[in-house]
Amino acid sequence: MGEVSRGILPVIAIDRESSEPLHRQVYAGFRDAILRGDLRAGQQVPSSRTLAAELAISRFPVLDAYSQLHAEGFFRSRVGAGTFVAASFPAATGEAKASARDSGARRSVSRRAGRYPAFRAVPWRHGWGAFGVHQPALDQFPFEIWSRLTARHSRSPRAHALHRIDPMGLEPFREAICTYLRASRAVRCEPSQIMVVSGSQQALDIATRVLLDEGDAAWVEEPCYPLARAILTGAGCRSVPVPVDDAGLDVAAGIRLGVDARAAFVTPSHHYALGVTMSASRRFQLLEWARRAGAWIVEDDYDSEYRYESMPIPSLQGLDGEQRVIYIGTFSKVLFPSLRLGYMVIPPDLMERFLSVRFAMDIFPSYLYQEVLTDFMKAGHFARHIRRMRNLYKARRTALVENLRAEFGEELEIHGAEAGMHLTVTLPQGCRDTEICTRAAAEHLWLWPLSPCYAESPARQGLILGFANTPEEQMREAVKRLKTVVGRQ
Ligand SMILES: Cc1ncc(COP(=O)(O)O)c(C=O)c1O
């Protein structure tokens, strides 16, 4: 473990009434924490002065205890750096875990937790660079402006930013989002309908909690964004995979397959992962179905800022006269994913329920970045950044398509290159996309497999290729390396 958590104060209970001398109590507190594994090798312990002040005791017993812990090899000192835990005691920690398991006492957890797909540390999610999916061009991000705004809000925060609790989020931020959504996405909204959330993943979760009960059916695109399905499965809902063709979700098939569905989860502007745009007639069919069935539509508009061959496609929400669409957007793609800021536009009559659920979760995301982003948007930096990135990504996208054609010819079919930050290629029969992506990750190529996006088998095999984070001049070489990886079956 690195020496990152400097001088953390462990919990040491001092009992002034005890007959045990203070230095023995301090000694035992540290020794037990190390043996339990709560303190590990390399962690810095507080100076004797800091600890004495913290425990409100004289420094002498602390010095005695530290000297004993040194003598027994629990502590070591480095001149000028401080005092550190000398060793971990995995045997002791392991024993504790084993005895907890073997004790016969029940350690059962919820069935609900077991419904979520297992978290797997897949190799393709762990790198940054060529073909990285959902990775924006961070070297082009105006960090100078961003850090100036962050510094300003950190230095002199507005009082409300420090104490205000509003599960809807910061009001000026919601106004800025509202202005943007009306103009750029043709969303019909008022600031009072906008709830700030920690990314669209959380928005999907909140929508599911509000709209669906255990056992309810919901349409999910086939293929779909796997973590959207994970939320429904975790909530005990039945997700009904509805095929997607060249016009988007096949509404007639949805009615056939899941007539009782209470909601549809869709990515109409840019389907994940095949990139299809839902046609106007399918949009009206979907809205009509929702109206007749008394169902809800959850529109995940995750990356529609970037369209390369036409004007941005207006949102489905904007066509809805019945207020049956919950619209979701995110700053993960246009800014950067670890920002964890997104928003939802909620029909006014559902507001109260969304608020109760939100309040019982994490209440609201950190105000600091809401403040920063408000200024970033109001000063025009946001719109400028999107415009710049649209041109840059268009060039990168074109370079990727050209190089894929040159290297692979007809071997690969390209889907969804008109928009967003990734395109998808489908592979010939016999290829295994997860194996290709595992090999590619070993070569520092960070593409993702298509097959996990399918609920039903046989899943189509394909590769999701991010292009936003791969400079144009590096695309040729990256595609050549990809060709070698794909060829090594
Ligand atoms: C279709 C889709 N929906 C939702 C998300 C979640 O995004 P975030 O939670 O970062 O906003 C992603 C992430 O990449 C996505 O591709």
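This is a predicted model: local features need pLDDT of at least 70, side-chain atom pairs count only at pLDDT 80 or more; totals for chains, interfaces and linings use all residues.
Reader: What makes a residue part of the lining, and which residues line the largest cavity?
Author: A lining residue has an atom within 4 Å of a cavity point. The residues that line the largest cavity are Leu-204, Val-220, Glu-221, Cys-224, Tyr-225, Ala-228, Phe-265, Val-266, Thr-267, Val-298 and Asp-300. Strand 5 (217–222), strand 8 (263–266) and strand 9 (296–300) each give two or more residues to that lining.

Reader: How many residues of each class are in the lining?
Author: By class, the lining has 8 nonpolar, 1 polar and 2 charged residues.

Reader: Why is Thr-267 called buried?
Author: Buried means under 20% relative accessible area. Thr-267 has 5%, so Thr-267 is buried.

Reader: Where is Thr-267 in the chain?
Author: Thr-267 sits in the loop between strand 8 and helix 12 (280–293).

Reader: What makes the pair Thr-267 and Glu-221 a polar contact?
Author: The cut-off for N or O atoms is 3.5 Å, and one atom must be able to donate a hydrogen and the other to accept it. The side chains of Thr-267 and Glu-221 are joined at 2.8 Å, so the pair falls within the cut-off. A polar atom of the Thr-267 side chain also lies 3.1 Å from the backbone nitrogen of Tyr-272.

Reader: Which residues does Thr-267 contact, leaving aside its neighbours within four places in sequence?
Author: They are Glu-221, Tyr-272, Val-276, Asp-300 and Tyr-302.

Reader: How do you know that Asp-362 and Arg-358 form a salt bridge?
Author: A side-chain nitrogen of Lys or Arg must be within 4 Å of a carboxyl oxygen of Asp or Glu. For Asp-362 and Arg-358 the closest N and O atoms are 2.3 Å apart, so the pair counts. The model has 20 salt bridges by this rule.

Reader: Are those two partners buried or partly exposed?
Author: Arg-358 has a relative accessible area of 0%, so Arg-358 is buried. Asp-362 has 37% relative accessibility and counts as partly exposed.

Reader: Why is Arg-31 called partly exposed?
Author: Arg-31 is at 25%, so Arg-31 counts as partly exposed. Arg-31 forms a salt bridge with Asp-32, with the closest N and O atoms 3.0 Å apart. Asp-32, at 30%, counts as partly exposed.

Reader: What makes Glu-411 and Lys-483 a tie between parts of the chain?
Author: Glu-411 and Lys-483 form a salt bridge, with the closest N and O atoms 3.4 Å apart. Glu-411 lies in the loop between helix 15 (381–408) and strand 12 (413–415), and Lys-483 in helix 17 (residues 472–487), so the pair ties together parts that are 72 residues apart in sequence. Glu-411 counts as partly exposed at 37%, and Lys-483 at 29%.

Reader: Which residues do salt bridges with shared partners join into one network?
Author: Glu-288, Arg-291 and Arg-292.

Reader: Which residues of helix 10 are buried, and what covers them?
Author: In helix 10 (residues 226–234), Ala-228, Arg-229, Ala-230, Ile-231, Leu-232 and Gly-234 are buried. Their cover includes helix 5 (111–115), helix 9 (200–211), strand 5, strand 6 (238–245) and strand 8. After helix 10 comes Gly-236, with a positive phi near 80°.

Notes: Residues are numbered from 1 along each chain as its sequence is written. Side-chain values use heavy atoms; hydrogens and water are left out. On a 1 Å grid over the protein atoms alone, a cavity is a set of points where a 1.4 Å probe fits but cannot get out, and a pocket is an open set with protein on both sides within 12 Å along at least five of seven lines; lining residues have an atom within 4 Å of a point. Helices (H or I, at least four residues) and strands (E, at least two) are DSSP runs, numbered from the N terminus. Ala, Val, Leu, Ile, Met, Phe, Trp, Tyr, Cys and Pro count as nonpolar, Asp, Glu, Lys and Arg as charged, and the others, Gly among them, as polar. Buried means under 20% relative accessible area, exposed over 50%, partly exposed in between (1.4 Å probe, protein chains only). Contact means heavy atoms within 4.5 Å.
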